[in-house]
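This report looks at how the parts of one chain meet, and then at a single residue. Please have the sequence and structure at hand while reading.

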Amino acid sequence: MVHFVGAGPGDPDLITVKGKRLLEHAQTVIYAGSLVNPALLSFCPEGCRIYDSARMTLEEVIRVMEACHEAGQDVVRLHTGDPSLYGAIKEQMDRLDELSIPYQVCPGVSAFSGAAAALGLEYTLPGISQSVVITRMEGRTPVPEKEKIQSFAAHQSTMVLFLSTGLLGKLSQALVEGGYPPDTPAAIVYKATWPDEKKVLCQVSDLAETAEREGIKKTALIIVGKVLSGEAYQRSCLYDPAFTTEFRKGNGQAEDGK
Ligand code: SAH
């Protein structure tokens, strides 16, 4: 069995209990060394074989998995954050299907959750935005034409951008072209939940200058939207004294008198 495990965004305590248990019993671990915190490897037992996939091709990764399967051993494939986002797991799962090697996925805390925690931010504030667009700038990996930043920007919802820290000038331009006012609040969160985490607030128009000033070149998320503005939002219906839910009878009188 191959276990794809989400390592979380950095802080080793943010792996799931299940992910930790899988590491504690692993005979072989293949971890994404470019981003996974190596401190997590201290959960592995003595004698566990450890491979850093940053130095391997897909074919080499699969060969290790195949050899372990033939020897009747499990493999933990440790991916940063949650494996379902920019994790390149589908191509591994497809090869494993071809080889009839079983696998399971153990989810993880994505960097976008780590970044919200770092900022003390709720991405979905009633009356401001109820949607989060997770996307990236086009790099060497193409982004489909229909998913251009400009078209998402037209919604002015909350947006979280992965893998885009080297392209911030172009990103600002696309966000403004698409519809965000240039003074829309933005944040850059570098290495969320790591000891050297850095977070900086700015505006859509000055993302590139801000990152340059702070010396942030990679391993960062860009967050855009009015949820960062501190602007008045509507309180939730769920906890409103006037609101009746499946679990609680409302008193008919809203706290704010409405
Ligand atoms: N599967 C991962 C994302 C992998 S793509 C997840 O769910 O988080 C790699 C990109 O994620 C990086 O380029 C960066 O944009 C972002 N990233 C990963 N870890 C991060 C962290 N701790 N803080 C900020 N951004 C991070």
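## The interface between the domains

The model is a predicted one.

The size of an interface is often stated as the accessible area lost when the parts come together. Contacts can be counted as well: eleven residues of domain 1 are in contact with twelve residues of domain 2.

## Polar and charged pairs

Between domain 1 and domain 2 there are three residue pairs in polar contact, both residues being at pLDDT 80 or more. The side of domain 1 that touches domain 2 consists of seven nonpolar residues, three polar and one charged. The number of salt bridges between the two domains is zero.

## Layout of the chain

Domain 1 covers residues 2-106, and domain 2 covers 111-228. Taken over C-alpha atoms, the centres of domain 1 and domain 2 are 29 Å apart.

## Residue K191

K191 is found in the loop that runs between β8 (185-190) and β9 (198-203). Is K191 buried or exposed? K191 counts as buried because its relative accessibility is 17%, and the cut-off for buried is under 20%.

Leaving out residues up to four places away in sequence, K191 touches D196, E197 and T219. With D196 there is also a polar contact, side chain to side chain, at 3.3 Å from K191.

Notes: Residues are numbered from 1 along each chain as its sequence is written. This is a predicted model: local features need pLDDT of at least 70, side-chain atom pairs count only at pLDDT 80 or more; totals for chains, interfaces and linings use all residues. Side-chain values use heavy atoms; hydrogens and water are left out. Helices (H or I, at least four residues) and strands (E, at least two) are DSSP runs, numbered from the N terminus. Buried means under 20% relative accessible area, exposed over 50%, partly exposed in between (1.4 Å probe, protein chains only). A polar contact is a pair of N or O atoms within 3.5 Å; within protein, one must be able to donate a hydrogen and the other to accept it, and residues adjacent in sequence count only if both atoms are side-chain atoms. Contact means heavy atoms within 4.5 Å. Domain bounds come from an automatic or database domain assignment. A salt bridge is a side-chain nitrogen of Lys or Arg within 4 Å of a carboxyl oxygen of Asp or Glu. Ala, Val, Leu, Ile, Met, Phe, Trp, Tyr, Cys and Pro count as nonpolar, Asp, Glu, Lys and Arg as charged, and the others, Gly among them, as polar.
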